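The model is predicted.

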Amino acid sequence: MIKNNFGFPFTRLRRNRLKTFSRNLNSENFLNVKNLILPLFVSDDDLSGTEVNSMPDIKRHSISSLLKEANEAFKIGIPSIALFPYINPDKKDEHGSLALSKNNIINKCVKQLKQNIPDLGVICDVALDPYTNHGQDGLIINGQVDNDQTIKILCEQSLILADAGCDVLAPSDMMDGRIKSIRESMEKNNFKNIQLMSYSAKYASNFYGPFREIVGSNKSNSNNLKQTYQLSSSNSDEAIREINYDIDEGADMIIVKPALSYLDIIYRARNETNVPIYGFQVSGEYSMIKSAAEKGWLNEDKAAYESLISIKRAGAYGMFTYFAKKIALMLKNFEI
Ligand code: PBG
């Protein structure tokens, strides 16, 4: 650091902040539509009850409304979407069998999306929670979510998704060794170019509540078991260890989730690794802003922007955000 021998009044830091042009000129970080990922929900149900109270303005789509929404997003420059299913409770079982059906709602959507909007990147979650009647990401054996048996199913789920045409597999289950196994099975089955975007640092968080409502995976007591595979919010070294582990196993990109309460993890990951890092602004982060804004307690657009730019500033290349369309439009209209 150069020692400033003059100090005040020669240095007045407020000079650069006085005029709009100068504040713009001196911006260190930017949101760019190219780095946004829009999460979208699709329903295999009869589409009554497509909205849930805890996620204002977000709905479970039918295939046709999904295509419309994805197309609109793509047209305003959003390069990729992440798909999540809502499965009718009657179709769930303890093994999450529907995850392995080539004709499940997600596989149908992937095919349709790739046919209609081939250049839109499609990211699919790899995990069993939307499909199991207990809401866990894997198979429960002897009261525990069994790591190795779960991995076998996840590899099958991944192959089916890859076969349907998905571009990026995003394992969100936090089983040990799943990136390696999925990567190996992709190599073996001629899906050499499929990208793995690993939810490497996924915390056992309370901020997933609204997502679990819209996906229908909110089961009483499920949180205790989730703590046996998702990270503890008190830990940071462990997250870096998980991230390095996934890089070694073949991950192309990594996710830190949630984002806002874990900006330090994004910052560390950016400084200590060299893979592309994404923050996931999760449902609870979205709904906190939406509900406060609905009450008139804060400005939705500005709070959304501030929250997302903090994820960038911390070091993420980009982010998953339910505000993606709103932000894309704001960027397009030079409102931010
Ligand atoms: C599930 C999954 C979750 C989210 C993305 N994938 C929730 C969970 O682990 O229960 C959360 C996303 C959000 O809250 O917006 N494998």
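## Nonpolar core

In this predicted model, the largest nonpolar core has 103 residues. Those with the most contacts inside the core are Phe-41, Leu-83, Ile-106, Leu-113, Leu-169, Met-197 and Phe-320. Helix H4 (residues 147–164) contributes the largest share of this core, 7 residues.

Leaving aside residues up to four places away in sequence, Phe-41 touches Met-55, Ile-58, Lys-59, Arg-60, His-61, Phe-84, Phe-211, Ile-214, Val-215 and Tyr-322.

## Helix H10

Helix H10 (residues 283–294) has 12 residues, which should span 16 Å at 1.5 Å a residue; its end C-alpha atoms are 16 Å apart, in agreement with that value. Because 9 of the 12 residues are buried, H10 is largely enclosed by the rest of the structure.

The buried residues of H10 are Ser-283, Gly-284, Glu-285, Tyr-286, Ser-287, Ile-289, Lys-290, Ala-292 and Ala-293. Their cover includes helix H6 (209–215), strand E10 (277–280) and helix H11 (300–314). Gly-296, which follows H10, has a positive phi, near 80°.

## Helix H8

Helix H8 (237–249) has 13 residues and reaches 18 Å from its first C-alpha to its last, close to the 18 Å expected at 1.5 Å a residue. Buried residues in H8 are Ala-239, Ile-240, Glu-242, Ile-243, Asp-246 and Glu-249.

These buried residues pack against helix H5 (178–188), strand E8 (195–202), strand E9 (253–257) and helix H9 (263–272). Just after H8, Gly-250 takes a positive phi of about 115°.

## Pockets

The largest pocket holds about 730 Å³ of space. Its lining has 21 residues, and Arg-23, Asn-24, Ser-27, Asn-29 and Tyr-305 lie nearest its centre. Helix H1 (20–25), H11 and helix H12 (324–332) each supply at least two lining residues, with the largest share, 5 residues, coming from H11. By class, the lining of the largest pocket divides into 8 nonpolar, 6 polar and 7 charged residues.

The second largest pocket has a volume of about 310 Å³. Of the 15 residues that line this pocket, Met-174, Asp-176, Tyr-229, Glu-238 and Glu-242 are the closest to its centre. Strand E6 (144–145) and H8 each supply at least two residues of the lining, and H8 gives the most, with 4 residues. The lining of the second largest pocket has 6 nonpolar, 5 polar and 4 charged residues. Glu-242 is one of the buried residues of H8.

## Cavities

There are 3 cavities of 30 Å³ or more in the structure. The largest cavity has a volume of about 110 Å³. Among the 16 residues lining the largest cavity, Pro-85, Ile-106, Asp-125, Tyr-131 and Gln-157 lie nearest its centre. Strand E3 (80–86), helix H3 (105–116), strand E4 (121–126) and H4 each supply at least two residues of this lining; the largest share, 3 residues, comes from E3. By class, the lining of the largest cavity has 11 nonpolar, 3 polar and 2 charged residues. Ile-106 is also one of the residues with the most contacts inside the largest nonpolar core.

The second largest cavity has a volume of about 90 Å³. It is lined by 13 residues, of which Asp-129, Lys-202, Phe-211, Lys-226 and Lys-257 lie nearest its centre. E8 and H6 each supply at least two residues of the lining. This lining divides into 4 nonpolar, 2 polar and 7 charged residues. Phe-211 is also among the residues that Phe-41 touches.

Notes
Residues are numbered from 1 along each chain as its sequence is written. This is a predicted model: local features need pLDDT of at least 70, side-chain atom pairs count only at pLDDT 80 or more; totals for chains, interfaces and linings use all residues. Side-chain values use heavy atoms; hydrogens and water are left out. A nonpolar core is a set of buried Ala, Val, Leu, Ile, Met, Phe, Trp, Tyr and Cys residues joined through side-chain atoms within 4.5 Å. Buried means under 20% relative accessible area, exposed over 50%, partly exposed in between (1.4 Å probe, protein chains only). Contact means heavy atoms within 4.5 Å. The expected span of a helix is 1.5 Å times one less than its number of residues. On a 1 Å grid over the protein atoms alone, a cavity is a set of points where a 1.4 Å probe fits but cannot get out, and a pocket is an open set with protein on both sides within 12 Å along at least five of seven lines; lining residues have an atom within 4 Å of a point. Grid points are joined across faces, edges and corners, and a volume is the space filled by probe spheres set on the points. Ala, Val, Leu, Ile, Met, Phe, Trp, Tyr, Cys and Pro count as nonpolar, Asp, Glu, Lys and Arg as charged, and the others, Gly among them, as polar.
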